[in-house]
Amino acid sequence: MGAPVPVGVVALDPVLEAGTRSTLLACPELTLSEPGDARVAVLTVDRLGPAELDTVRLTRAYPQRPAVVLVAGALASGDALHALAAGARGLLLRREADASRLAHAVLAAAQDECTLPTDLLEQVLQSPADARHGGDWAGGTLSDRERSVLRLVADGHETAEIAQRLAYSPRTVTTVVHDITQRFRLRNRAHAVAYALRAGLL
């Protein structure tokens, strides 16, 4: 196992911050750090509103550009999509954020992967379509290679696993996903999977 991933905690409530720190201390793969020096920042909130979304953006703007894993007490309809659009790399509901799941989301974010539980993915899929966020999927197409990669992303596989399954290099997998997100003006992998599913491209 490599060196522990430095992770910072950001919370608007000191009680939430203390609880998150306690959970992270149970993860040997992680080490607590100041958010500005961390590779990943865990943002814990009760609900997601404008202030919380601004905090996601501000955290992403730290000099080290940490990936953000958002842990929320509750998410209303459309919140997951707003969080992804603000730059979150992982989403968890607080009731599900035990040490194992939180560590998995943080480690995935550190590898530039995006984690989204199935129920939150469904919430994203049910959100109103908006061309501002996702480009014109109706007029777009995916190649067989792009479709194969996105299917495995949707199943929760990380870059190395996808590369092994498809006999590609990890760099090729990263490039394929990057090309999709750039072509359709999407924010990240989860955003790409959500819109591809909604448009019937997967």
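## Talking through the fold

Student: Where is the place of Ala-167?
Tutor: Bear in mind that we're looking at a predicted model. Coming out of helix 8, the chain has to get to helix 9, which covers 170–183. Ala-167 sits in the loop between helix 8 and helix 9.

Student: Is Ala-167 buried or exposed?
Tutor: The cut-off for exposed is over 50% relative accessible area. Ala-167 comes out at 68% relative accessibility, so it counts as exposed.

Student: What is the phi of Ala-167 near?
Tutor: Most residues other than glycine have a negative phi. Ala-167 has a positive value, and it's a residue other than glycine. Its phi is near 60°.

Student: Which residues of helix 8 meet helix 7?
Tutor: Start on the helix 7 side, where Ser-148, Val-149, Leu-152 and Val-153 make the contact. By type, the residues of this contact split into five nonpolar, one polar and one charged. The helix 8 partners are Ile-162, Arg-165 and Leu-166.

Student: Which residues touch the most other members in the largest nonpolar core?
Tutor: This core has 21 residues. Two or more residues each come from strand 3 (40–45), helix 2 (50–60), strand 4 (67–72), helix 3 (79–86) and strand 5 (88–93). There's another core apart from it, with 19 residues that include Val-5, Leu-24, Leu-102 and Ala-110. Back in the largest core, the residues touching the most other members are Leu-43, Leu-48, Leu-70, Ala-83, Leu-84 and Leu-91.

Student: Which residues is Leu-70 in contact with, leaving aside neighbours within four places in sequence?
Tutor: Leu-70 is itself one of the core residues that touch the most other members. Set its sequence neighbours within four places aside, and the list of contacts has Leu, Val, Ala and Gly residues in it. They are Leu-43, Val-45, Leu-48, Ala-83, Ala-88, Gly-90, Leu-91 and Leu-92.

Student: Which residues in helix 3 are buried?
Tutor: Seven of its eight residues are buried, so helix 3 is largely enclosed by the rest of the structure. Just after it, Gly-87 takes a positive phi of about 120°. The buried ones are Asp-79, Ala-80, Leu-81, Ala-83, Leu-84, Ala-85 and Ala-86.

Student: What relative accessible area does Thr-55 have?
Tutor: Thr-55 is in helix 2. Beyond its neighbours within four places in sequence, it contacts Val-10, Leu-12 and Leu-43. Buried means under 20%. Thr-55 is buried, at 13%.

Student: How far apart in space are Tyr-62 and Asp-37, C-alpha to C-alpha?
Tutor: Tyr-62 lies in the loop between helix 2 and strand 4, and it's partly exposed, with a relative accessible area of 29%. Skipping neighbours within four places in sequence, it contacts Pro-35 and Gly-36. Tyr-62 and Asp-37 are 25 residues apart in sequence, and their distance in space is 8.3 Å.

Student: What is the phi of Arg-65 near?
Tutor: Arg-65 is also in the loop between helix 2 and strand 4. Its relative accessible area is 48%, which makes it partly exposed. Its phi is positive although it isn't a glycine, and the value is near 50°.

Student: Which residues does Gly-73 touch, not counting those up to four places away in sequence?
Tutor: Gly-73 is in the loop between strand 4 and helix 3, partly exposed at 26% relative accessible area. It's 25 residues from Leu-48 in sequence, and the two are 8.7 Å apart in space, C-alpha to C-alpha. The residues it touches are Val-45, Asp-46, Leu-93, Arg-94 and Arg-95.

Definitions and conventions:
Residues numbered from 1 in each chain as written. Predicted model: local features only at pLDDT ≥ 70, side-chain atom pairs only at ≥ 80, totals over all residues. Heavy atoms only, no water. Core = buried A, V, L, I, M, F, W, Y, C linked by side-chain atoms within 4.5 Å. Buried < 20%, exposed > 50% of the residue type's maximum accessible area, 1.4 Å probe, protein only. Helix = DSSP H or I, 4+ residues; strand = E, 2+ residues; numbered from the N terminus. Contact = heavy atoms within 4.5 Å. Nonpolar A, V, L, I, M, F, W, Y, C, P; charged D, E, K, R; others polar.
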